[in-house]
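Dear colleague,

Please find the structure below.

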Amino acid sequence: MRDLARRVQALRKEMGFLSTDILDSAHIAELDEESKTLLEPYLEEMASLIRTRKCICTKAASEVKADWHDSELDGKKIYLNIH
């Protein structure tokens with residue numbers, strides 16, 4: 001969870017958001033089933049860490065119409081979106 005949180009925080013900075021801005025949501029897509037299962041109990045804590053109202057895990061990026069930013073986690077491509 002903390003590795004994903006760091007990636008989202010880096011994306012916030014890259015997109016020009018202030019560290020004090022509370023964003024509406026963060027979407028994470030394309031996690032493998034094991035990672036998604038491990039992350040789900042910590043979504044509220046992660047939302048607090050990355051300063052969003054909610055954090056949503058989506059199986060496929062195509063499920064949500066968004067401006068996705070790709071990243072890599074454990075050698076696999078994942079997609080992030082914040083707004």
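The notes below describe the overall fold, the nonpolar core and several individual residues.

This is a predicted model, in which local features need pLDDT of at least 70 and side-chain atom pairs count only at pLDDT 80 or more, while totals for chains, interfaces and linings use all residues. Residues are numbered from 1 along each chain as its sequence is written, and side-chain values use heavy atoms, with hydrogens and water left out.

Overall fold

The protein chain contains 3 helices and 4 strands, where helices (H or I, at least four residues) and strands (E, at least two) are DSSP runs numbered from the N terminus. Their order along the sequence is α-β-α-α-β-β-β. The C-alpha trace spans about 30 × 25 × 20 Å along its principal axes. The radius of gyration of the protein chain is 12 Å, in agreement with the value near 12 Å for a compact globule of 83 residues; this radius is taken over C-alpha atoms, and the globule rule is 2.2 Å times the number of residues to the power 0.38.

Of the contacts with a separation of 6 or more, 73% join residues 24 or more positions apart, a contact being heavy atoms within 4.5 Å. The accessible surface is about 5300 Å², with 48% of it belonging to carbon and sulfur atoms; accessible areas come from the Shrake-Rupley method with a 1.4 Å probe, and for residues only the protein chains shown count as cover. Of the 83 residues, 36% count as buried (buried means under 20% relative accessible area, exposed over 50%, and partly exposed in between, with a 1.4 Å probe and protein chains only).

Nonpolar core

The largest nonpolar core has 19 residues, and those with the most contacts inside it are Leu4, Ile28, Leu31, Leu39, Met46, Ile50 and Cys55. Such a core is a set of buried Ala, Val, Leu, Ile, Met, Phe, Trp, Tyr and Cys residues joined through side-chain atoms within 4.5 Å. At least two residues of this core come from each of helix H1 (2-14), strand E1 (23-29), helix H3 (43-49), strand E2 (52-58) and strand E4 (76-82). H1 gives the largest share, 4 residues.

Leucine 39 lies in helix H2 and is buried, with a relative accessible area of 5%. Beyond residues up to four places away in sequence, leucine 39 touches Met1, Leu4, Ile28, Leu31, Met46 and Cys57. Leucine 39 and cysteine 57 are 18 residues apart in sequence and 8.4 Å apart in space, C-alpha to C-alpha. With neighbours within four places left aside, isoleucine 50 is in contact with Ala5, Val8, Gln9, Arg12, Ala26 and Cys55.

Other residues

Histidine 27 lies in strand E1 and is buried, at a relative accessible area of 10%. Leaving aside neighbours within four places in sequence, the contacts of histidine 27 include Ile56, Trp68, Tyr79 and His83.

Glutamate 30 is placed in the loop between E1 and helix H2 (33-39) and is partly exposed, with a relative accessible area of 34%. Aspartate 74 lies in the loop between strand E3 (69-73) and E4 and is exposed, with a relative accessible area of 68%.

With kind regards
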